[in-house]
Amino acid sequence: MADQSQGAPTPCAAPAAGTTAVYRGATLFDGTGRPPRSATTIVTDGQTITAVAPDADLATRLPGDAVVFDLDGRFVIPGLIDTHQHLATPPDRPVAEAALRRHVYSGITAVRDMADDLRQIGDLARATLVGEIPGPDIRYAALMAGPGFFDDPRTHQVSQGAVPGEVPWMQAVTTATDLTLAVAMARGTYAAAIKVYADLDAALVAAVTAEAHRQGIPVWAHATVFPATPGQVVAAGVDTVSHVTLLAYEGTPDGLTSYKTKPAVDHARFAAGDDPHLDRLFAAMRARGTVLDATAAMWESDELAGEGPEDAARARANTELAAAVTAQAHRAGVALSTGTDHETAPGAPFPALHDELAFLVGRCGIPTADVLRSATLIGARAAGAEATMGSVEPGKLANFVVLDEDPLRDIANLCSVTLTVKRGHRFDRAEFEECR
């Protein structure tokens, strides 16, 4: 086998350890909850942040070979995290690479891929990690659901050449399943989590969650798993729940049966943002630390708006539901992360995550600082990566975004991104604009 160790360097690789970069003169929102700090210096060594301090404190203590970048008061925030993406349903490598490229040049340094064809996702994750292609880090899940789910056409798209429900990244589970083996097979895909999707009762959701946690891997679940209710999913101990509109099934009077037979939602019940069933659910989520991956803006997407008046009316109703329930969750102190589960058109300048953040501020009334924290440190927690990303602090990855305008004054100022630093590598927005 030929030795490839001396091949051409990867174009987007993290700089080597011992390569020091200094970003001084920043106005820093560090994601920890501290107020913004002006005149701040960030020092990186390779792919790691080594110091964050006032400019004056570090001015005389910088290595002589450090490369210095003057930010002249520009705003710095942690790298953004999209906690709900699907990059390979169906697999299309050029489309996925284009999306990843736009993400990282728009300030996104990590994404949580919520089940796909992991044969392709695993390679995309490797390619962005080592810098073969531009893109965020990818944390991905292997899916588990009841057998009834696996005639869904999407499961065939992501299992081509094999049988849906019988592959390690997409498994049908029942009371007869050896969950120790099933979780171990999922972990063998290098998945960061198990995703619990549909057609599992409360006992099976709890059993899957317990075994996953025993093996040291988190569980990311749909907010309603049918027939398992949101309250049962949260009580099972899952780490995150996705899709705020699915929380509307808490307290459904007639009970739940399966993913395909969802009962109608009484939208009027939630309009005032004070539903007592949700108050009890949110108290449990707050006590357990369960993160809500709201995907609140997805019903405004062109894909879900549909083509006819009936689809449009459904999308409008779900948009109002998402806004009301997300606002109630925030008031109750639930930790929110910022997922999308859709994408803007390929030619759009910015990805859907920018729209999600704007929705949380504008339609849900959540303070901008809280939304930015949701998109950074809470997003890292949702992805199981809070120890290494989500805030600008010494010891964490050098993942941050430089903006010309203050995002706390207007969340739309995220579009003033001039530079994304991901694992210490610089992605200049001007390079992206030149190639559009």
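This is a predicted model: local features need pLDDT of at least 70, side-chain atom pairs count only at pLDDT 80 or more; totals for chains, interfaces and linings use all residues.
**Entry 1: K422**

I started with K422, whose side chain makes a polar contact with the side chain of D137 at 3.0 Å. A polar contact here is a pair of N or O atoms within 3.5 Å; within protein, one must be able to donate a hydrogen and the other to accept it, and residues adjacent in sequence count only if both atoms are side-chain atoms.

Residues are numbered from 1 along each chain as its sequence is written, and side-chain values use heavy atoms, with hydrogens and water left out.

Next I looked up where K422 sits: in strand β17, residues 417-422. Strands (E, at least two residues) and helices (H or I, at least four) are DSSP runs, numbered from the N terminus.

Is K422 buried or exposed? K422 counts as buried because its relative accessibility is 4%; buried means under 20% relative accessible area, exposed over 50%, partly exposed in between (1.4 Å probe, protein chains only). Leaving out residues up to four places away in sequence, I found K422 touching a list that includes V104, T109, L129, P136, D137 and F427. Contact means heavy atoms within 4.5 Å.

**Entry 2: α5 and α6**

I checked helix α5 (residues 179-187) against helix α6 (residues 202-214): they pack at about 60 degrees, with axes 9 Å apart. That angle makes α5 oblique to α6. Axes are lines fitted to C-alpha atoms, for helices over the stretch in contact, and angles run from 0 to 180 degrees between N-to-C directions. Under 35 degrees is roughly parallel, over 145 roughly antiparallel, 65 to 115 roughly perpendicular, and the rest oblique.

Which residues of α5 make the contact? I noted L179, T180 and V183, which meet A207, V208, E211, A212 and R214 of α6.

**Entry 3: α8 and α10**

I then turned to helix α8 (residues 276-288), which packs against α10 at about 45 degrees, with the axes 10 Å apart. So α8 is oblique to α10 too. From α8 I listed L278, D279 and F282; from α10, V325, Q328 and A329.

**Entry 4: α11**

Last, I went through helix α11 (residues 352-362) and wrote down A352, L353, H354, E356, L357, F359 and L360 as buried. What covers them? The cover includes β6 (80-85), β7 (108-113), α10 (309-331) and α12 (368-374).
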